[in-house]
Amino acid sequence: MTMSAYTPQRIPQWSTSEALVTGLAPAVSHRRASHRLETVLRKACPPQFAVLAVGLGVDCGDGRTYVPDLMVTRTEAIDGEGDVVPAADVLVVIEVMSLSNPLPGLVLRRHDYGAAGIPQYWILDSRSHTLTVHTDPMAGPHADGYLTATTVEAGIEFTTDDPFTVTIDPGLIR
């Protein structure tokens, strides 16, 4: 069985319904990139942290809750019940940009994640195979909510020690 590359149901649409901002369900390529990045992160993740990709929301305050593709928290932050993690407990939030997740939604999220004080916001672009890492939230009067943005091209390794040591080549996350 093959899936078509474009269906009318994939027309980008966003719905803001009170506290939850949602879009269409992600396409297969989006899910594949998210799963592969999750695999890399889980292999490097020490036990005191958790890599989550189970549809949990991030409560950014001011009535805004988002459901990112991936997030990293401390393990104790997810000991309870519920389906929303407070932004104060999120160390890294990761979104995959694809045809099913258009840029306007990511710009809004970047602002809100930064305003909520989430230390890092990563955007994996599954089309250009780049990883953009936003750091230093609320470090200045910037429209996007983060002071620093570093873009890593395909074929270049990105290594970080925060919140744990991991090396990623965005060109291998396809």
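Let us start with helix α1, which covers residues 28–44 in this predicted model. How far apart should the ends of helix α1 be? At 1.5 Å a residue, its 17 residues should span 24 Å, and the end C-alpha atoms are 25 Å apart, so the two values agree.

Please look next at the side of this helix that is hidden from solvent. His30, Ala33, Ser34, Leu37, Glu38 and Leu41 are buried in α1. Viewed down the helix axis, the buried residues fall within an arc of 135 degrees, and therefore they line one face of the helix. Which elements cover that face? Strands β3 (49–52), β6 (70–74), β8 (90–97), β9 and β13 (166–168) are included in the cover over the buried residues of α1.

Histidine 30 belongs to helix α1, and it counts as buried because its relative accessibility is 2%, under the 20% cut-off. With what does the side chain of histidine 30 make a polar contact? The partner is the side chain of aspartate 69, at 2.8 Å. Histidine 30 and arginine 127 are 97 residues apart along the chain, and their C-alpha atoms are separated by 9.4 Å.

I turn now to the protein as a whole. It contains 2 helices and 13 strands. Of its 174 residues, 42% count as buried. If we take the contacts between residues at least 6 apart in sequence, 53% of them join residues at least 24 apart. The protein exposes about 9300 Å², and carbon and sulfur atoms supply 55% of that area.

The aromatic residues come next. How many aromatic pairs does a search of the whole structure find? The search finds 5. One of them joins tryptophan 122 and phenylalanine 158, with 5.7 Å from centre to centre and 90 degrees between the planes, an edge-to-face arrangement. This pair links distant parts of the chain: tryptophan 122 lies in strand β9 (residues 120–125) and phenylalanine 158 in strand β12 (residues 158–160), 36 residues apart. Are these two partners buried or exposed? Tryptophan 122 is buried, with a relative accessible area of 2%, and phenylalanine 158 is buried as well, at 13%. Elsewhere, Tyr66, Tyr113, Tyr121 and Tyr146 form one aromatic cluster.

I shall finish with the backbone. Most residues other than glycine have a negative phi, and most peptide bonds are trans.

Proline 163 is located in the loop between β12 and β13.

Next is aspartate 62, a residue other than glycine whose phi is positive, near 50 degrees. Aspartate 62 sits in the loop between β4 (57–59) and β5 (65–66). Its relative accessibility is 83%, over the 50% cut-off, so aspartate 62 counts as exposed.

Then there is aspartate 136, which is not a glycine either, yet has a positive phi of about 60 degrees. Where is aspartate 136 placed? It lies in strand β10 (residues 130–137).

Conventions
Residues numbered from 1 in each chain as written. Predicted model: local features only at pLDDT ≥ 70, side-chain atom pairs only at ≥ 80, totals over all residues. Heavy atoms only, no water. Phe/Tyr/Trp six-rings, centres within 6.5 Å; stacked < 30°, edge-to-face > 60°. Helix = DSSP H or I, 4+ residues; strand = E, 2+ residues; numbered from the N terminus. Buried < 20%, exposed > 50% of the residue type's maximum accessible area, 1.4 Å probe, protein only. Expected span 1.5 Å × (residues − 1). Arc of directions from axis to C-beta. Contact = heavy atoms within 4.5 Å. Areas by Shrake-Rupley, 256 points an atom, 1.4 Å probe, with all protein chains shown as cover. Polar contact = N/O pair within 3.5 Å; in protein donor to acceptor, adjacent residues only side chain to side chain.
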